[in-house]
Amino acid sequence: MFDIQEIRSQFSILDREVNGKPLVYLDNAATSQKPNSVLEVCHAYYTELNANVHRGIHTLSQLATEEMELSRRKIQKFINAEHDFEVIFTKGTTEGINLIAYILTQKLQKDDEIIISYLEHHSNIVPWQMLCERTGARLRVIPIDENGVLQLDYLDQYLSEKTKVVSVNQVSNALGIVNPIEKIIAKTRKNSDAYIVIDGAQSAPHFDIDVQKMDCDFFVFSGHKMYAPMGTGILYGKREILEALPPFHGGGEMIATCSFEGTTYAGLPFKYEAGTPNVGGNIALGAAVDFMNRVGHENIQNHENALLEYAQRQLLEIEGLKVYGEKAKRTGVVSFNLEGVGIASDVGMILDKMGIAVRTGHHCTQPIMNFFNIAGTVRASFAVYNTFEEIDRLVEGVKKAQRMLG
Ligand SMILES: *Cc1c(COP(=O)(O)O)cnc(C)c1O
């Protein structure tokens, strides 16, 4: 049974007003709201459990360690990793991708190639450009067509023995396009020895993730976009690969022995978790996974797909409204502009006056905006607690903005 009112009752923030109107929160691709069960876990951590992990033999330290390791196993199950130590706690997708790009430095040399796509978030572009600067490698970018769909024949052309990394997102944050990562991974495996990195920031909140079936080498995502606190995230890496690569940050927690003559490193996952982690946040990320499991992944997907279809159908009835990636397979996001009427941020400001929160701008994806020759879009993005009535209010608001700006 999928009871939307029962789900909404678990998110206190949804009861608040903004500018005198009930909040309609449609900026979930930037960050989702957090259910009370997750907030209670954060609170309980600091009121009952707070201690540093893995270091003390005292009771609180042991309890905090147990809770964090339990959370790691919940996330292991959530993404179906083979081992719990393949699950590394990070502060988010950005840190995850930077970590990977850093530890691969020694694996690349001049004229090697890194393949990404036109649909990437800046955090899946810039770390690779920095890796190119360190090594002399080159970036190759899979282009998109006018529907925002990746043109995979370019991937076929680009793949060679020079390809050392292929890094793409599973779902685009700017347009919500679902990329054919199964095909991308199969082609990459067949034609190169490249490391395969999947940016799951926009897929982990919506899809069932199975990193073993996917056969990627790395999978990264952020907790805050899937009902968990900010400053949490996960880097998954295959055991053999993580064991063979060097550490990222040096410091406490990641060593086996340390002396001035030299240091030996701890095993996984601690080798990649230097310093004091966000213990409360990491435990709360496990609670967010519990929340999603309770609602049911199929229910989440069905509801969000229904919202997207409903929103797109109604928005397209507005004359002069263009949806980017209209014909592509998408999830969770509708990104649009009112042609000839102001700019995206004007629309966003009018919606805000009506209590409706959407994102406007380039969504950290300037190459996509350049491709469509626009400065930005209005992006409405959905989570499991959104309703059809909220979409009606969005559509009403967009019509009002058109009248006011036209
Ligand atoms: C949000 C996002 C990122 C960056 O995530 P942070 O949580 O800001 O580190 C990277 N890629 C995609 C596709 C995203 O949506």
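Helix H4 contributes the most to the lining of the largest pocket, with 3 residues. Helices (H or I, at least four residues) and strands (E, at least two) are DSSP runs, numbered from the N terminus. The model is predicted, so that local features require pLDDT of at least 70 and side-chain atom pairs count only at pLDDT 80 or more, while totals for chains, interfaces and linings use all residues. Residues are numbered from 1 along each chain as its sequence is written, and side-chain values use heavy atoms, with hydrogens and water left out.

On a 1 Å grid over the protein atoms alone, a pocket is an open set of points with protein on both sides within 12 Å along at least five of seven lines, whereas a cavity is a set of points where a 1.4 Å probe fits but cannot get out; lining residues have an atom within 4 Å of a point. Grid points are joined across faces, edges and corners, and a volume is the space filled by probe spheres set on the points. The pocket is lined by 22 residues, of which Ala 30, Thr 94, His 121, His 224 and Lys 225 lie nearest its centre. Its lining divides into 5 nonpolar, 11 polar and 6 charged residues. In this division Ala, Val, Leu, Ile, Met, Phe, Trp, Tyr, Cys and Pro count as nonpolar, Asp, Glu, Lys and Arg as charged, and the others, Gly among them, as polar.

The structure also holds 1 cavity of 30 Å³ or more, with a volume of about 80 Å³ for the largest cavity. Of the 14 residues lining the largest cavity, Asn 28, Pro 205, His 206, Lys 225 and Phe 382 are the closest to its centre. The cavity lining comprises 6 nonpolar, 6 polar and 2 charged residues.

An open sheet of mixed pairing is formed by 7 strands in the order E4-E10-E9-E8-E7-E5-E6; two strands pair if DSSP finds at least two bridges between them. Strands E4 (87-90) and E6 (138-142) stand at the edges, each with a single partner strand, so one side of each is left without a neighbour in the sheet. Neighbouring strands of this sheet are turned by 20° against each other on average, direction ignored. E4 and strand E10 (residues 233-237) run antiparallel and are joined by 4 bridges, with Ile 88 opposite Leu 235 in E10. Helix H4 (residues 93-103) lies across E4, strand E8 (195-199), strand E9 (218-222) and E10, at about 155° to E9. Axes are lines fitted to C-alpha atoms, for helices over the stretch in contact, and angles run from 0 to 180 degrees between N-to-C directions; contact means heavy atoms within 4.5 Å.

A further open sheet, antiparallel in its pairing, contains 4 strands in the order E13-E14-E17-E16. Its edge strands, E13 (321-323) and E16 (359-361), each pair on one side only, and the twist averages 30° from one strand to the next. E16 and strand E17 (residues 377-381) pair in the antiparallel sense over 3 bridges, and Arg 379 in E17 is the bridge partner of Arg 359. Helix H12 (residues 344-353) packs on this sheet, touching strand E14 (333-338), E16 and E17, and its direction makes about 45° with that of E17.

Elsewhere, a hairpin joins E11 to E12 through 2 residues.
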